[in-house]
Amino acid sequence: MSLSCSNCSSPLQLPPGANSICCAVCHATTLVADSRSAPPPPALSYSTSGQDDHDHPPHHPSQVVPSPYNHAPPGPSPAVHGTKRAVICGVSYKNTKNELKGSINDVVCMKYLLVNRFNFPESSIIVLTEEETDPFRRPTKSNMRLALSWLVQGCQPGDSLVFHFSGHGSQKKDQNGDELDGYDETLCPTDFETQGMIVDDEINEIIVKPLSHGVKLHAIIDACHSGTVLDLPFLCRMDRSGEYVWEDHRPRSGEWKGTSGGEAISFSSCDDDQTSADTSALSKITSTGAMTYSFILAIERGHAATYGSMLNAMRSTIRDTTNELRGGVIISLISMFLTGRTFSGEVTQEPQLTATEPFDVYSKPFSL
């Protein structure tokens, strides 16, 4: 059942049988009649004369509104409840100066991986790209918020949730003092230049804090400056030999950035101060995000037994490709651009791992 928050009007999805829901954006509680006994809401219509029809009064926040996902062809909208659910978002910024070539390929490959390797039902995966004909399935800021809210809505013990994003990431000055480096990390929807970016604080509020006991979320973020884009409390600082320590990134203010008992783990393309590549250098066939490609390759080559082996394999793939492009002596400007490398030859893109709690990365099995 779909409705709007009674305070901020954000779209909400009411779990079956529930008579109230807390908004992930403003935290207000919206009360509704018992959804199990209520008759179906009438369809909304609008007068062609410009005046509101007396039989169909203007919409207000407590009124039921159609879900945007009811328009998605083909078949029914994804069920809110299910063992496995995913939101896969690829933003290409087509026909702009920010255009990326590999984002759509990343989405196609990630969906194939989830369905065929990890048995995610296709009906429980929402895909957002600019190639979608349904306007509600394009990666605008509003649609991304809707999809992320859907992902965690009504989550139950045993649920496995995945959020994959391939697109641009950025940073902006921290306004609430919860960032150790003074900058918030952001994701850029297709309309970010007019509607703004999605800040890590909001991402944490929407898909991290609501996770209840027994629910696991994996985020796979292929974007620049994405190291701590979920604002998770701990970052696995690993060197090139595989040795690691967990850094404490909890805000000095004491603000809680963890879950409500569940588990959130994020693989990100690079550290907060690094950029990531959109390149054909890895696949040799077509453009992909370097991080998405290395993530899938690690699984396909059997290097994903644990989170530690996974992270090492991803880094090795990107590092080895960088060394190939270097060609021994001469470093071209284009290869430096594609691999995020400096003039000294140093690799500046290294995938990162963050989590709600520290754990032994070499003993904890990886699974989606």
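Biologist: How do the axes of α2 and helix α4 (residues 200-207) cross, and within what distance do they come?

Modeller: The axes come within 8 Å and cross at roughly 35°. Keep in mind that this is a predicted model. On the α2 side, the residues in contact are R145, L148, S149 and V152. They meet E202, I206 and I207 in α4. By class, the contact of α2 with α4 divides into four nonpolar, one polar and two charged residues.

Now turn to the sheet. Eight strands form an open sheet with mixed pairing. Their order is β6-β5-β7-β11-β14-β17-β12-β13. The edges are β6 (125-128) and β13 (244-248). Each has a single partner strand, so one side of each is left without a neighbour in the sheet. From one strand to the next, the twist averages 15°.

Two helices pack on this sheet. Helix α1 (residues 103-116) touches β5 (84-90), β6, β7 (160-166) and β11. The direction of α1 makes about 165° with that of β5. Helix α2 (residues 141-152) also touches β5, β6, β7 and β11. For α2, too, the direction makes about 165° with that of β5. That puts α2 in contact with the sheet as well as with α4.

Next, follow β11, one of the strands that α2 touches. Strands of a sheet pair through backbone hydrogen bonds, either parallel or antiparallel. With β7, strand β11 pairs in the parallel sense over seven bridges. There, H218 in β11 is the bridge partner of V162. Strand β11 (residues 216-222) also runs parallel to β14 (residues 263-268), and six bridges join these two. L217 has A264 in β14 as its bridge partner. A219 stands opposite S266 in β14. Six of the seven residues of β11 are buried, so β11 is largely enclosed by the rest of the structure.

Helix α5 (residues 290-300) is mostly covered too, with nine of its 11 residues buried. Those buried residues are A290, M291, T292, S294, F295, I296, L297, A298 and I299. Just after α5 comes G302, with a positive phi of about 80°.

C188 is buried, with a relative accessible area of 4%. C224 is buried as well, at 15%.

Last, check the confidence before you zoom in. The chain averages a pLDDT of 75, and 64% of the residues score at least 70. Over residues 279-285 the pLDDT is below 50. Beyond near neighbours in sequence, that stretch has 17 contacts in the model. Residues 325-347 also stay under 50. For them the model has 32 contacts beyond four places in sequence. Where pLDDT is low, the predicted coordinates should not be read in detail.

Methods
Residues are numbered from 1 along each chain as its sequence is written. This is a predicted model: local features need pLDDT of at least 70, side-chain atom pairs count only at pLDDT 80 or more; totals for chains, interfaces and linings use all residues. Side-chain values use heavy atoms; hydrogens and water are left out. Two strands pair if DSSP finds at least two bridges between them. Helices (H or I, at least four residues) and strands (E, at least two) are DSSP runs, numbered from the N terminus. Axes are lines fitted to C-alpha atoms, for helices over the stretch in contact, and angles run from 0 to 180 degrees between N-to-C directions. Contact means heavy atoms within 4.5 Å. Buried means under 20% relative accessible area, exposed over 50%, partly exposed in between (1.4 Å probe, protein chains only). pLDDT is the predictor's confidence in each residue, from 0 to 100. Ala, Val, Leu, Ile, Met, Phe, Trp, Tyr, Cys and Pro count as nonpolar, Asp, Glu, Lys and Arg as charged, and the others, Gly among them, as polar.
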